[in-house]
Amino acid sequence: MNIFASRRALALAVSLCFAAPAFAEGDVVVISGARFAADPALLPIGATSITAAEIRRSGVSDVNQAIRKIGGVYGRQSLTGSPDFGLDLRGFGTNSDQNMVVVLDGVRLSENELTGPLLSTIPVDSVERIDIMRGGASVLYGEGATGGVINIVTKRPEAGATRGTVFAEGGQFSAGEVRGSVAKAWDGFAMDLSAGHQRTDNYRDNNEFKQSHFGGGAQWSTSYGRFGVRAEITRQDNRFAGSLTQAQFDANPRQTNTPNDFGKLDSDRYTAFYEQKLGAFDFAAELSHRKKETEATYVSSFGTFSSHYDSKQTQFSPRVRHLAQFGELLNEVVAGVDLTRWNRVTDGTYDTTQRSKAFYLRDEIKFGGVYQPRLAAGVRRELFDKEATDPLRAQPAYDITQAHNAWEVQGSVLAAPNLTVYAKAGQSYRVANADENGFTVAWGVPLKTQTSHDVELGAGYSIAGVKLDGRVFRHNLNNEIFFDPTAGDFGFGANTNLDPTRREGFELDASAHVARDWQVSGHYQHVKAEFREGPNSGREMVLVPKNIVTARLAWLPSDGQTADVGVQWVDEQRFGSDFSNTCSARIPSFTTVDARYARKFGQWEVAVSRTESGG
């Protein structure tokens with residue numbers, strides 16, 4: 001049972017930005033819907049963006065916060081005390097992380113396990129923009145992109161410039177963070193370094209969290225193209241507060257029944273990239289290797305249980321684009337290959353491996369004239385080889401090959417001055433990851449692939465500082481992969497393929513300059529998640545809020561002061577085992593309010609912020 005308590009946090013932050021910017025504001029890397037730096041005429045249809053200015057003004061300390069507070073994306077608080085909330089695009093419940101793909105400068109961060117990407121380790125000061133593309137996107141981004149894609153794009157160096165930042169923050173619950181970064185660019189060469197440490201006791205007892213991060217990179221620009229390398233190193237230590245019954249929560253919501261449970265995570269990621277332009281052709285590729293070590297210890301009346309696993313992932317993603325102009329017609333053709341190998345060894349014995357290889361092709365045409373119509377279509381073919389072995393058993397747990405296809409068709413037209421309407425249709429898919437296949441109803445029987453037929457209609461209007469974007473959508477899913485607490489023979493639940501389900505609803509994004517120094521923005525999402533067939537046909541899915549409202553108000557005078565206030569309201573939800581909709585109780589709705597006031601003194605900025613949430 002999940003319970004929301006009223007909680008407050010107050011923080012004071014001091015930051016310093018010195019020297020000239022090392023990044024060109026007008027020369028940014030924008031990974032578009034085609035996985036290349038976007039042509040201004042071919043920006044992703046229906047996408048929303050969070051800018052570097054919005055990130056700094058809101059005072060968010062990491063990328064995950066920016067996506068939730070500014071982008072209006074709902075997030076479930078981590079059970080490990082980490083600031084990385086589980087993000088949910090379009091109402092996919094506890095498996096939301098597995099129904100969206102996160103990409104950082106072209107490198108896929110979403111992997112073959114239930115843990116989500118570590119967005120809190122990305123230096124927030126280096127982020128140029130965050131693009132949120134809701135809806136099915138498996139053609140370009142592969143499995144798991146039914147709910148959408150979040151593209152994180154970092155700033156690009158400018159020759160001859162230097163930039164550095166220092167940030168320190170302290171707050172309630174013994175929270176504190178220090179971080180710093182420096183970047184220097186010469187003619188044809190640039191390098192950057194960043195480091196940070198944060199810690200907090202969190203609201204619950206035995207929920208302490210500590211994280212240290214180091215990152216650095218170097219890149220070269222020559223007549224043969226731009227290429228570089230990066231390293232990202234993260235160390236986490238966690239203590240686990242565990243669950244409470246309703247009676248325990250009513251007596252003391254901060255208490256814990258697991259005072260001796262703890263864990264740690266070490267993650268290292270190394271990436272090399274290359275890009276070059278030859279006439280009308282653009283070439284790009286990323287080669288990334290990640291290794292991760294995780295340990296956890298749980299103490300109960302049954303004894304002490306410890307787990308340890310080592311995982312590695314290597315991915316290679318070469319691609320090519322041809323961009324050509326024929327009179328008023330602009331044509332973009334993109335083709336690419338995604339190759340991935342993931343392996344994990346648990347407690348030195350249970351060995352799980354997944355290999356995948358995919359080819360995709362996408363073509364988009366923009367016509368001239370008054371209506372400026374755009375048409376795009378794409379296909380993807382992906383093969384998965386999955387195997388799991390346990391030395392304690394004579395036969396492999398499973399050894400299977402799966403092949404899946406995705407397609408998409410979309411178009412837009414300028415229906416009236418400043419008004420664009422668009423339509424999308426396609427098929428996306430998700431395969432069960434190693435954790436899900438390792439805990440099914442029948443041991444050694446992997447889950448079926450989840451497929452979704454996706455449809456979306458939308459419109460966007462922009463004029464004189466006012467911008468509105470609205471869309472209606474429907475996802476009809478078959479074999480949705482979900483954890484069912486009522487499944488299995490021993491009362492612990494199991495991962496299953498559900499009867500056919502559906503997600504349909506409406507989304508609205510709005511922003512406006514309401515006065516010279518005032519700006520308001522908001523996001524509204526309504527999702528109806530239900531079973532389409534089976535014994536629960538017509539009943540609601542669990543752990544999905546029907547409505548989410550996010551709004552922000554910013555005060556931006558020109559005298560060095562800024563203020564920013566945000567509110568997010570999340571509707572009530574059904575409990576995780578209530579597939580029959582017979583439980584009259586609900587997880588209550590709750591509201592989160594955050595506010596920040598900042599004042600600049602030369603290159604120094606001092607800010608005070610406060611966050612409060614409650615049901």
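**View 1. Glu113 is in contact with residues from several parts of the chain numbering, among them Gln98, Arg290 and Asp435.** Beyond its neighbours within four places in sequence, Glu113 also touches Lys292, Tyr309, Ser311, Trp342, Arg344 and Asn433, where contact means heavy atoms within 4.5 Å. This is a predicted model, in which local features need pLDDT of at least 70 and side-chain atom pairs count only at pLDDT 80 or more, while totals for chains, interfaces and linings use all residues. Residues are numbered from 1 along each chain as its sequence is written, and side-chain values use heavy atoms, leaving out hydrogens and water. Glu113 itself belongs to the loop between strand S6 (107-108) and strand S7 (127-134); helices (H or I, at least four residues) and strands (E, at least two) are DSSP runs numbered from the N terminus. Its relative accessible area of 1% makes Glu113 buried, with buried meaning under 20%, exposed over 50% and partly exposed in between (1.4 Å probe, protein chains only). Look for the polar contact of 3.4 Å between the side chains of Glu113 and Arg344. Such a contact is a pair of N or O atoms within 3.5 Å; within protein, one must be able to donate a hydrogen and the other to accept it, and residues adjacent in sequence count only if both atoms are side-chain atoms.

**View 2. S2, S7, S8, S5 and S6 form an open sheet.** The five strands follow the order S2-S7-S8-S5-S6, with mixed pairing; two strands pair if DSSP finds at least two bridges between them. At the edges are strand S2 (48-51) and S6, each pairing on one side only. S6 runs antiparallel to strand S5 (residues 100-104), joined by two bridges, and Leu104 has Val107 in S6 as its bridge partner.

**View 3. Glu504 sits in strand S27 (residues 501-515).** On one side of the pairing list, strand S24 (residues 466-478) and S27 are antiparallel over twelve bridges, with Val472 bridged to Phe506 in S27. S27 also runs antiparallel to S28 through 14 bridges, among them the one between Gly505 and Val527. Two residues separate S27 and S28 in their hairpin. Is Glu504 buried or exposed? With a relative accessible area of 18%, Glu504 is buried. Its side chain makes a polar contact of 2.8 Å with that of Arg474. Leaving aside neighbours within four places in sequence, the contacts of Glu504 also include Phe473, His526, Val527 and Lys528.

**View 4. Phe531 and Phe579 make an edge-to-face ring pair.** Eleven aromatic pairs turn up in a search of the whole structure. Here the ring centres are 6.0 Å apart and the planes lie at 70 degrees, so Phe531 and Phe579 count as edge-to-face. Rings of Phe, Tyr and Trp (its six-membered ring) pair if their centres lie within 6.5 Å; planes under 30 degrees apart are stacked, over 60 edge-to-face and the rest tilted. Phe531 is buried at 3% relative accessible area, and Phe579 is buried at 6%.

**View 5. Trp186, Phe189, Trp220 and Phe227 are linked into a cluster by ring pairs.**

**View 6. Arg179 and Phe167 bring a charge over a ring.** The charged end of Arg179 is 3.9 Å from the centre of the Phe167 ring. Arg503 lies over the face of Phe92, 4.7 Å from the ring centre. The criterion is NZ of Lys or CZ of Arg within 6 Å of the ring centre and within 35 degrees of the ring normal.
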